[in-house]
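Please look over the sequence and the model shown below before reading the notes that follow. The briefing goes from one residue and its surroundings to the whole chain, and then to local features.

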Amino acid sequence: MNRLKSLDVMRGLTVALMILVNNGGEHNYSFLEHSKWNGLTPCDLVFPFFLFMMGMSTFLSLKKTEFKPSAAIYRKIAKRTVLLFLIGLGINWFDMICNGGGLDFAHLRIWAVLQRIALCYGVVAMLAITLNHRYFIHTIIGLIVIYMGILVFGNGYAYDASINILAQVDRSVFGIDHLYHRSPVDPEGLLSTIPAIAHTMIGFLCCKYISIAGQTVESKIKVLKVAGLVMVALGFGLSLIGFGINKRIWSPSYVFVTCGFASWILGILVQFIDGRGAATDSAATDDSQKKLQKDNILTRGLLAFGMNPLFLYVMSEALAILFGSFGIKADIFAGIHILITDDYVASLTYALFFVAIHAVMGVWMYHKKIFIKL
């Protein structure tokens with residue numbers, strides 16, 4: 001299929017929101033906070049949207065090779081997986097360095113967002129070139145059912161690390177000092193990577209279904225919206241029979257609800273962006289300057305984020321660490337408070353300012369046709 005601009009726009013929207021929700025102050029509106037345990041806030045949609053989009057990007061990337069395994073493809077998948085994991089580990093280490101504990105490897109956190117992305121990409125990419133795609137649905141169901149069993153028999157919903165199997169496995173394998181300590185379980189831990197892999201496979205399949213030759217934009221929209229409604233209904237259905245929506249443990253209901261919302265929103269974006277004759281073969285071709293001029297300012301900004309998602313996310317994490325460690329964040333907040341006394345509005349203002357910094361970088365890179373990929 002011709003590349004849908006909406007894919008890049010949604011990926012850009014997701015990265016921009018990731019930066020926004022990660023960089024508020026001490027007083028945040030509820031929609032900028034993750035649920036403490038069971039429940040769903042807008043903030044809880046950001047990371048799963050990114051995994052869904054990564055599944056779609058994996059399909060588009062491997063489709064160029066017709067999903068045929070080769071030594072070169074294996075090396076490419078292995079390289080991306082390892083580099084993503086190491087970059088994520090490096091961010092954790094950089095945080096320790098800036099806080100004076102660079103040599104305290106005994107407390108280096110193993111898991112984080114990029115590490116989960118690395119594992120999900122690696123597994124799904126390998127499955128894509130070794131497993132017949134008709135069995136993807138079976139694999140997704142199998143992974144979800146296995147994880148449901150783990151949750152039921154291992155007290156997976158218990159808000160108590162001493163009895164929750166997810167926490168116990170991570171503590172046994174990696175040690176408590178290498179884990180996240182702000183909730184009973186590490187939100188990017190080992191066992192909860194199982195449903196996250198299924199999550200990424202759903203994104204892969206959605207992209208496959210809208211890539212069928214001869215499909216019109218209208219048919220793609222219909223597939224995405226119908227799939228979204230079915231998954232949202234399934235997710236809420238699971239929540240009613242004891243499998244509550246929970247980001248911390250990446251519950252099965254959370255997988256389906258967030259994938260459903262992602263599919264539905266992508267369908268809307270396809271309708272309003274590509275459905276109006278704005279589809280392009282690529283957002284990074286030689287006439288990108290001309291395309292940039294045609295798009296409105298919001299689309300331009302989101303495309304800029306969407307074409308350099310990894311770089312801008314890593315930069316946001318690095319700058320957030322630097323700003324926090326060297327008092328820059330506090331100084332900016334002090335300046336904001338001179339004009340805005342409400343703590344919540346000030347926090348949102350700072351978060352928007354932080355996103356704006358990266359938007360400027362992203363738009364400049366897009367203008368200069370600089371696209372950083374692994």
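Which residues does F49 touch, not counting residues up to four places away in sequence? F49 touches M10, T14, T258, F261, A262 and I265, where a contact means heavy atoms within 4.5 Å. This is a predicted model, in which local features need pLDDT of at least 70 and side-chain atom pairs count only at pLDDT 80 or more, while totals for chains, interfaces and linings use all residues. Residues are numbered from 1 along each chain as its sequence is written, and side-chain values use heavy atoms, with hydrogens and water left out.

- F49 has its place in helix α2, which covers residues 46-63; helices (H or I, at least four residues) and strands (E, at least two) are DSSP runs numbered from the N terminus.
- F49 counts as buried at 9% relative accessibility, given that buried means under 20% relative accessible area, exposed over 50%, and partly exposed in between, with a 1.4 Å probe and protein chains only.
- Although F49 and T200 are 151 residues apart in sequence, their C-alpha atoms are 9.5 Å apart in space.

**Overall fold and dimensions**
- For 374 residues, a compact globule would have a radius of gyration near 21 Å, and the 21 Å of the chain agrees with that; the radius is taken over C-alpha atoms, and the globule rule is 2.2 Å times the number of residues to the power 0.38.
- The C-alpha trace of the chain spans about 55 × 50 × 45 Å along its principal axes.
- Of the contacts in the chain between residues at least 6 apart in sequence, 76% join residues at least 24 apart.

**Burial, surface and charge**
- Buried residues account for 51% of the 374 residues in the chain.
- The chain exposes about 16,900 Å², of which carbon and sulfur atoms supply 66%; accessible areas come from the Shrake-Rupley method with a 1.4 Å probe, and for residues only the protein chains shown count as cover.
- The chain has 31 positive and 22 negative charges, whose mean positions are 12 Å apart; Lys and Arg count as positive and Asp and Glu as negative, while His and the chain ends are not counted, and the place of a charge is taken as NZ of Lys, CZ of Arg, CG of Asp or CD of Glu.

**Cysteines**
- The structure holds zero disulfides, a disulfide being a pair of cysteine sulfur atoms within 2.5 Å.
- C43 is in no disulfide, and the nearest cysteine sulfur, that of C259, is 17 Å away; C43 is buried, with a relative accessible area of 2%.
- The sulfur of C207 is too far for a bond from the closest cysteine sulfur, in C206, at 8.7 Å, and C207 is buried with a relative accessible area of 0%.

- Most residues other than glycine have a negative phi.
- E66, in the loop between α2 and α3 (71-98), has a positive phi near 60°, and this residue is exposed, with a relative accessible area of 54%.
- K369, in the segment after α14 (343-367), has a positive phi near 60°, and this residue counts as partly exposed at 43% relative accessibility.
- H367 is found in helix α14 and is partly exposed, with a relative accessible area of 36%; H367 and A304 are 63 residues apart in sequence and 8.7 Å apart in space, C-alpha to C-alpha.
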